[in-house]
Each structure stands twice: as C-alpha cells, then as structure tokens.
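Please look through the sequence and the model below before reading on.

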Amino acid sequence: RDAHLLRPPAGTVALLWGGLLLAASFALEPAPDGCNCTHPVDFQAFLTAPLNESCCLNFTGSNVTHLDWGALVAVRGLRQLYLSHCGITAISNAQGVPPALEVLHLSHNLLESLPRGFLEDAPNLKVLYLDGNQLRELPASFLKASTQLQELHLGFNALTSLPPSLLHPSLLQLQLSNNSWECSCALLGALQGIPSLPAPLTCHTPERHRGAELQSIPRD
C-alpha cells in the first residue's frame, strides 16, 4: 500500500541512470594523454596490415633489417615509436615524419649512416635514442626543426663530430660517450652553447690529445 512512497519519482530515476551511464563511459575510455604499447608487435605483420591510426607502435626485437620509413609516416597520430634491437642496417623513403612524433627509439641496431633529410623536419620530437649503432656521421640538417628536443642519446657509435643543427637550447640530456671524437675548438664551442654539458668527452683525434677530455684541453 505504501510502495509508492518508497519509489523515487520517474525523473529522479532517469537522472540516476544517466549519471551511472556517464560514469561508465568515462571509466571505459582511456585517459586523453594515455599512450601505452608495452607489448611488441611484428614489423612484417604491420607491413601486411598497416594501421591507419595509432598513438604508439612497438616493434622492439622485430626482424626489420631494411626499414621502410614511409610506411610509418602514414600512421596518423603516432607519438611514440620503438625500433630498438631490430637489426636495422638501412633506412629508405626517409623524407617526412609522423607529424605528432615525440619519442623515437632506434638504439642497438646496425646503422652506419642515416639518409639525407632523415628527421630534418620533426618539430614535436622530444626524445631520440640512436645509441649502440655504428654511425660515423650525421646528416648536416639532422634534427634541424626539433626545437623541443629534450633527450638525445648518441653514445656507443663511431661519430667524430656533430652537426650544429641538433644542439638545441631545449636539450636537458645529451649522451655522447664512447665515440671517436675529433676534438676541436668548433666541437667545444658547439657544446658550450647548450645549457647542460654532457659527461666529459674523450678525444680520439688529434693524436697528441688522444685519451684526454675535451673540456680539459687549453683552448689555445
């Protein structure tokens, strides 16, 4: 008899259901800034069925050898790209870059050089790993537009010099150890132009300074 006294008005029920559905939708949707791809996928499988859109691609450990960069440029919204330990020896179709790319891992591959124009126009790039390759030099315009670059890892290569284009004031971490640096006033001047110097660099040439730290050599 008094059941109607316990039953909430119809409008209140609708409002409650609406609130529950709205809360459920927020719970199911990923966070706006969330971009997680912890599980690697096979690069060849990606080439067979490429994605049109993804915020993150993880090919770590995949057998790539020859990297077709153009296949990745076409992925909309790509912010993080992992290509370490892939046995990459060469990069083709190197023009262009995924517009939103912020993080790129290319460490521990077999790269001896980078194609001209590679990463020349990557304005949103913040973190780049190229350590553990066999690089002897970098393109003259490398990272030219990456004015937001914060981390650059170039250790354990065979580099002798650096193009000025990559030494942006935004750099917070610059890793250059274990290369074949040709110590010169030009190299020292370029490194002094960034806020935080990397760890002391050991000279490979000229012969009279081999084994010395660049910063310890009198400038004259």
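**Briefing on the predicted model**

Asp121 has its place in the loop between strand 5 (103-105) and strand 6 (127-129), where strands are DSSP runs of E with at least two residues, helices are runs of H or I with at least four residues, and both are numbered from the N terminus. This is a predicted model, in which local features need pLDDT of at least 70 and side-chain atom pairs count only at pLDDT 80 or more, while totals for chains, interfaces and linings use all residues. Residues are numbered from 1 along each chain as its sequence is written, and side-chain values use heavy atoms, with hydrogens and water left out.

**Asp121**

- Asp121 counts as exposed because its relative accessibility is 51% (exposed means over 50% relative accessible area, buried under 20%, and partly exposed in between, with a 1.4 Å probe and protein chains only).
- Leaving aside neighbours within four places in sequence, Asp121 is in contact with Val97 and Ala145, contact meaning heavy atoms within 4.5 Å.
- Although Asp121 and Val97 are 24 residues apart along the chain, their C-alpha atoms are separated by 7.0 Å.

**Asn133**

- Asn133 is found in the loop between strand 6 and strand 7 (151-153), and Asn133 is buried, with a relative accessible area of 6%.

**The largest pocket**

- The largest pocket holds about 180 Å³ of space, and the residues that line this pocket include Cys183, Cys185, Arg208, His209 and Asp220.- On a 1 Å grid over the protein atoms alone, a pocket is an open set of points where a 1.4 Å probe fits, with protein on both sides within 12 Å along at least five of seven lines, and lining residues have an atom within 4 Å of a point.
- The lining of the largest pocket divides into 7 nonpolar, 2 polar and 3 charged residues.

**The whole chain**

- The protein chain has 5 helices and 10 strands, and buried residues make up 37% of its 220 residues.
- The mean pLDDT of the protein chain is 84, and 82% of its residues reach 70 or more, pLDDT being the predictor's confidence in each residue, from 0 to 100.

Key: Points joined across faces, edges and corners; volume = space filled by probe spheres on them. Nonpolar A, V, L, I, M, F, W, Y, C, P; charged D, E, K, R; others polar.
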